[in-house]
Amino acid sequence: MAKCIFCGADIPDGVALCPYCGRLQQPGAQGVNYNYAPPQPTQYDLYARQQERNAKKDLSTAKTLGIVSIVCAVICSFLIVGIVCGVIGLGKAKNAMAYAQQTADLIMYDEAKSARTLNRIGLIIATVIVVGAVVLGILATALGFAMFD
């Protein structure tokens, strides 16, 4: 028994056409090499895959922290948590953006930019509320002392 040079099926010796794939069995024809084994990943390939996984994880974390930052900033009692989440999220988004630029992954870059924007919004809201509360506290204290003079 011979093997088809294209599909690898067992075919009778001397047959001109493969009964399975229908291709002509010509001497010297270039078929498929069924003994081919794909190359094993190198250390660089493994490192690149790990970098990609880390960047995707950073991106996911940055998005989550951005949303948490905004929610905590809106709920005034968690302002410090909002600020901390916003700062950490900005760092994670920056890492994901750097990886996306290195690999020219435009989709990941756009997602990282939106995560960065979410974190910035949360930071701005929380900071404005904290500064506003401090200013109002100072004004209330000054007016309170002025009322008792």
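This dialogue explains how to read several features of a predicted model.

Me: What kind of model is this, and how are its residues numbered?

Reply: The model is predicted, so local features need pLDDT of at least 70 and side-chain atom pairs count only at pLDDT 80 or more, while totals for chains, interfaces and linings use all residues. Residues are numbered from 1 along each chain as its sequence is written, and side-chain values use heavy atoms, with hydrogens and water left out.

Me: How many helices and strands does the chain have?

Reply: Helices (H or I, at least four residues) and strands (E, at least two) are DSSP runs, numbered from the N terminus. The chain has 3 helices and 2 strands, in the sequence pattern β-β-α-α-α.

Me: What span should H2 have?

Reply: The expected span of a helix is 1.5 Å times one less than its number of residues. The 25 residues of H2 should therefore span 36 Å, and its end C-alpha atoms are 36 Å apart, which agrees. After H2 comes Ala104, with a positive phi near 60 degrees.

Me: Which residues of H2 are buried?

Reply: Buried means under 20% relative accessible area, exposed over 50%, and partly exposed in between (1.4 Å probe, protein chains only). The buried residues of H2 include Leu79, Gly82, Cys85 and Tyr99. Of the 149 residues of the chain, 23% count as buried.

Me: Which residues make up the largest nonpolar core?

Reply: In soluble globular proteins, nonpolar side chains tend to be buried together. A nonpolar core is a set of buried Ala, Val, Leu, Ile, Met, Phe, Trp, Tyr and Cys residues joined through side-chain atoms within 4.5 Å. Here the largest one has 11 residues, among them Ala55, Leu59, Tyr99 and Met108. H1, H2 and H3 (106-147) each supply at least two of its residues, and H2 gives the most, with 5.

Me: Which residues does Tyr99 touch?

Reply: Contact means heavy atoms within 4.5 Å. Leaving aside residues up to four places away in sequence, Tyr99 touches Ala48, Gln51, Glu52, Ala55 and Met108.

Me: Where does Ile75 lie, and is Ile75 buried or partly exposed?

Reply: Ile75 lies in the loop between H1 and H2 (79-103). Ile75 counts as partly exposed because its relative accessibility is 42%.
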